[in-house]
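Hi everyone, thanks for coming. Let me put the structure up, and then we can walk through a few places in it together.

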Amino acid sequence: MKNAHDIIKAPVLTEKAYDGISDKKYVFYVDVKAGKSEIKKAVEEIFDVKVDKVNIVNKSGKLKRQGRTMGYTAAQKKAYVILKKDSKGIEFFESMVQ
């Protein structure tokens with residue numbers, strides 16, 4: 001199994017992501033090969049919280065052109081992590097929303 005820090009790449013810092021913080025819903029960019037159970041274990045290990053549910057969104061790469069040359073940007077995977085009601089929040093996000 002991979003290291004937990006290799007599975008969780010970065011937090012998603014958008015307005016939509018900020019709206020869910022009060023309901024203990026957090027959004028992360030994750031490794032494209034990671035599954036729900038691996039993501040759940042990684043979030044619990046890194047942030048010391050209890051995860052209730054994980055939803056995943058796969059985002060395929062966009063077609064980009066420069067002259068005659070075409071290629072795709074890298075594909076991404078986002079994980080929407082919902083914590084249990086009795087779990088504490090993630091401090092990193094709590095400091096951003098006042």
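Let's begin with the largest nonpolar core, which has 19 residues; the members touching the most others are Ile 8, Phe 28, Ile 39, Val 43 and Val 81. Do keep in mind that this is a predicted model. Which elements give two or more residues to this core? They are α1 (4-7), β2 (25-30), α3 (36-47), β3 (51-59) and β6 (76-83).

Take Val 81 from that group. Beyond its neighbours within four places in sequence, Val 81 is in contact with Lys 24, Lys 25, Tyr 26, Phe 28, Ile 39, Val 43, Val 51 and Lys 53.

Now to the aromatics. Searching the whole structure turns up one aromatic pair. The partners are Phe 28 and Phe 47: their ring centres are 5.7 Å apart and their planes sit at 25°, under the 30 degrees limit, so we call the pair stacked. Phe 28 comes from strand β2 and Phe 47 from helix α3, so the pair ties together parts 19 residues apart in sequence.

Asp 31 is in the loop between β2 and α3. Its relative accessible area is 11%, which is under 20%, so Asp 31 counts as buried. And what is Asp 31 in contact with, leaving aside its neighbours within four places in sequence? The list is Lys 2, Asp 6, Ile 7, Lys 9 and Lys 77.

That's my tour, so over to you for questions!

Terms used
Residues are numbered from 1 along each chain as its sequence is written. This is a predicted model: local features need pLDDT of at least 70, side-chain atom pairs count only at pLDDT 80 or more; totals for chains, interfaces and linings use all residues. Side-chain values use heavy atoms; hydrogens and water are left out. A nonpolar core is a set of buried Ala, Val, Leu, Ile, Met, Phe, Trp, Tyr and Cys residues joined through side-chain atoms within 4.5 Å. Buried means under 20% relative accessible area, exposed over 50%, partly exposed in between (1.4 Å probe, protein chains only). Helices (H or I, at least four residues) and strands (E, at least two) are DSSP runs, numbered from the N terminus. Contact means heavy atoms within 4.5 Å. Rings of Phe, Tyr and Trp (its six-membered ring) pair if their centres lie within 6.5 Å; planes under 30 degrees apart count as stacked, over 60 as edge-to-face and the rest as tilted.
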